[in-house]
Each structure stands twice: as structure tokens, then as C-alpha cells.
Amino acid sequence: MYFMTLTKDDRQAIDWIGDRYSHGSDLKKILESEEVKTSPDADWESDLDITYHLPEYKAWELKEIVEEGNLDCINLGSNLAQQLTQLILSIV
């Protein structure tokens, strides 16, 4: 199991990317899939941070999307870039 915590700003960045590049939509689809667990009351639009619990195969899917998209439009110093990079580097 892999974990990633995203802020509201991180999720808004994914939405913004999704409107311009397909990998943003693909990231959101993975994070909102049934296999990825969050707290029961987690809401994408919430102001609260959300921790995602990804099974290994979903982590690999996320890695492929990020590598194909080269983190297009993501500020490389942002929390989102750091969270995605940390997750990708932790996959064994």
C-alpha cells in the first residue's frame, strides 16, 4: 500500500491540468477509483487535506501517467510535485 496526502490546492492543480492535458484527468480518475481508499467523508472539493491509500498496481498506474506527462504544468517546487515524486520513488 502506498500513501499520498494532497491539499485542496494540489487537487485544484490536478483539475487545472486535466482541462489542458489528459494526464490530469487520468490522475484524478486513479485517485477517485474504488480501489483507492480515503477517509469515508473525503470530498475532492473539501478544504481539508486528503490522504490517499493506493494499492501497488494503482501506484504503478500513477507512475506511468506522471512519467508520460513529465509533470507538465506542475510547479516543480509545489507540494503536488513533491508528493508525486515521493510516491514514485517509493515504488519497489
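I looked up lysine 8 and found that it is partly exposed, with a relative accessible area of 26%; buried means under 20% relative accessible area, exposed over 50%, and partly exposed in between, with a 1.4 Å probe and protein chains only. This is a predicted model, in which local features need pLDDT of at least 70 and side-chain atom pairs count only at pLDDT 80 or more, while totals for chains, interfaces and linings use all residues. Residues are numbered from 1 along each chain as its sequence is written, and side-chain values use heavy atoms, with hydrogens and water left out.

Which residue forms a salt bridge with lysine 8? I found aspartate 47, with the closest N and O atoms 2.7 Å apart, a salt bridge being a side-chain nitrogen of Lys or Arg within 4 Å of a carboxyl oxygen of Asp or Glu. Lysine 8 lies in helix H1 (residues 8-20) and aspartate 47 in the loop between H2 and S2, so the pair ties together parts that are 39 residues apart in sequence; helices (H or I, at least four residues) and strands (E, at least two) are DSSP runs, numbered from the N terminus. Aspartate 47 is exposed, at 60% relative accessible area. By the salt-bridge rule, I count five salt bridges.

Next I turned to glutamate 35, which forms a salt bridge with lysine 58, the closest N and O atoms being 4.0 Å apart. This pair links distant parts of the chain, with glutamate 35 in the loop between H2 and S2 and lysine 58 in helix H3 (residues 56-69), 23 residues apart. Is lysine 58 buried or exposed? I noted lysine 58 as buried, at 10% relative accessibility, whereas glutamate 35 is partly exposed at 36%.

Lysine 58 also meets glutamate 61 in a salt bridge (3.3 Å, N to O). Because they are three residues apart in helix H3, lysine 58 and glutamate 61 are separated by about one helical turn. Glutamate 61 is partly exposed, with a relative accessible area of 31%. Salt bridges with shared partners join Glu35, Lys58 and Glu61 into one network.

Strand S1 (residues 2-6) runs antiparallel to S2 and is joined to it by five bridges, and I noted histidine 53 in S2 as the bridge partner of phenylalanine 3.

How values were computed
Pairing = 2+ DSSP bridges.
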